[in-house]
Amino acid sequence: HGLPGPGHLAAGHAVLTASHSPGEERLRRRHLLLLAGLAPVACGLPPNVEIVRDEAGFAALEAAWDRLLEASSTRSPFQRWEWSRRWWEQFGRECQLALVGVRSPIGGVEAIAPLVIGHAAAGARRYLRQLCWLGGVGAVTGELMDFLVPAGREAELTPLLCQGIRSLAAEWQALRLDKLPTDSPNTVLILGSLGVYTAGTGVMNAHASRFTLLPTTWEELAGQRSGRWRRNLRKRWETLNAMPGLTSGLAGVTMEAGAAMEALASLHCGRWCEGASTFVTESAWAFHRRLGVNWIEEGRALLPYLALDGRVIAACYGFQEGDCFYMYQLGWDSAYASLSLGNLAVKHLVQHCLDRGLKRFDMLSGDYRYKLDWCPQGRELLDVEAYSPTSPAAVCFRGLRHLKRLVCAPEPTHAETVMD
């Protein structure tokens, strides 16, 4: 194939860095470096690459879907077959399936790029036909999204999936792959492929995602935190446990799963004003109510709770995938804010993870202080974008966005100028 020539890299640099804020420019420059040394993707669709466009073809992938997920470098609960199928049933009405698959010579499915073509729900982007993750638009969107490729075979299979994406180029005006982990071997390959035939290829956003590796006991984990953090948490935990009528439990064991989900939703609504969280919108709640109950009963989801006089006052909800746990939602009664009840609910959840022998606790994206306290380690999740260079609508969108940034961009500080 050969390496991209100087002209390709120079053109890519001009597009990725033109008229962005210093922070954006540094981010895009960093990912431009990923493009160097990558081979262009050849035109045409190899015979072992297929595009699945109908529901029958989607259903036929069920047997291979979770097997590939469990073998991949990014093993995400948000790309499980059941999550993906339920998302399609509830939110896929406005989308077209565009699942790219690679088959072995004997017909077995070896890799999948789970994609759809649709429109964003709001903003100027809603006027563009957009290629995105299956599960990447709508009221419920996943995190840690990636191609389903067996670990160690990315260099072999991911370029073939990228050729499938290229074969769909006439059908979409914009591409948006959100929450792609920087540590995925697929990320550099995807960016390199898109950079050959699209315009504006780059990283639109980078989200901090916090996690911590779990030891075997609570004492070991607490010993890794500051003395002040340990003292404050211990004092509040003791105060809470001294309250008459306090109990703790686990959905599906000490409380029916549906009732526990309803209690979580009520607490979550109490924390957020209307419209501030999509978790309890009608469509999102219908999705999580069904999925959550099933996964709690199957052991794929955990919902530990704290109750006072039989009423749930705090709860955490998340998913177990392999030896990792992903905390997804939290709810607590604001009447007990002085106890930092949210932190106590997380402590209760972490103890359940330790009891299960899990190795990693992930609080997903959002660089909040409480996440940093619990999870000192982190990585970035990238929102990758690209545009059709021949679409008038895409050219117009990019031009108007560029003008908006010129008008609205703040003046760079002296420190930013020096750092650049």
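These are my notebook entries on a predicted model of one chain.

Residues are numbered from 1 along each chain as its sequence is written, and side-chain values use heavy atoms, with hydrogens and water left out.

**Entry 1, whole chain.** I looked up the secondary structure and found 15 helices and 15 strands. Both are DSSP runs numbered from the N terminus: helices are H or I with at least four residues, strands are E with at least two. I then checked burial, which here means under 20% relative accessible area, with exposed over 50% and partly exposed in between (1.4 Å probe, protein chains only). Of the 420 residues, 52% count as buried. For contacts I used heavy atoms within 4.5 Å. Among contacts with a separation of 6 or more, 73% join residues 24 or more positions apart.

**Entry 2, the sheet E1-E3-E4.** I followed an open sheet of three strands in the order E1-E3-E4, paired antiparallel. Two strands pair if DSSP finds at least two bridges between them. Strand E1 (49-52) and strand E4 (109-113) are at the edges with a single partner each, so one side of each has no neighbour in the sheet. Neighbouring strands are turned by 25° against each other on average, direction ignored. Axes are lines fitted to C-alpha atoms, for helices over the stretch in contact, and angles run from 0 to 180 degrees between N-to-C directions. I counted four bridges between E1 and strand E3 (residues 99-103), antiparallel. One position I noted is glutamate 50, opposite glycine 101 in E3.

H6 lies across E1, E3 and E4, at about 140° to E3.

I moved on to helix H6 (residues 154-167) and helix H7 (residues 185-197), which pack at about 35° with axes 10 Å apart. The contact includes Thr158, Cys162 and Ile165 of H6 and Leu189, Ile190 and Ser193 of H7. By class, the contact residues are eight nonpolar, three polar and two charged. I took Ala, Val, Leu, Ile, Met, Phe, Trp, Tyr, Cys and Pro as nonpolar, Asp, Glu, Lys and Arg as charged, and the others, Gly among them, as polar.

**Entry 5, strand E8.** I checked the partners of strand E8 (residues 199-213). With strand E15 (residues 377-387), E8 pairs antiparallel over ten bridges. Asparagine 205 has aspartate 383 in E15 as bridge partner. With strand E14 (residues 360-365), E8 pairs antiparallel over five bridges. There, leucine 213 is bridged to arginine 360.

Leucine 144 has phi near 55°, positive in a residue other than glycine. Leucine 144 is in the loop between strand E6 (130-133) and H6, and is buried at a relative accessible area of 1%. Aspartate 309 also has a positive phi, about 55°, and is not a glycine. Aspartate 309 lies in the loop between strand E11 (304-308) and strand E12 (311-321). I found aspartate 309 exposed, at 66% relative accessibility.

Note on methods: This is a predicted model: local features need pLDDT of at least 70, side-chain atom pairs count only at pLDDT 80 or more; totals for chains, interfaces and linings use all residues.
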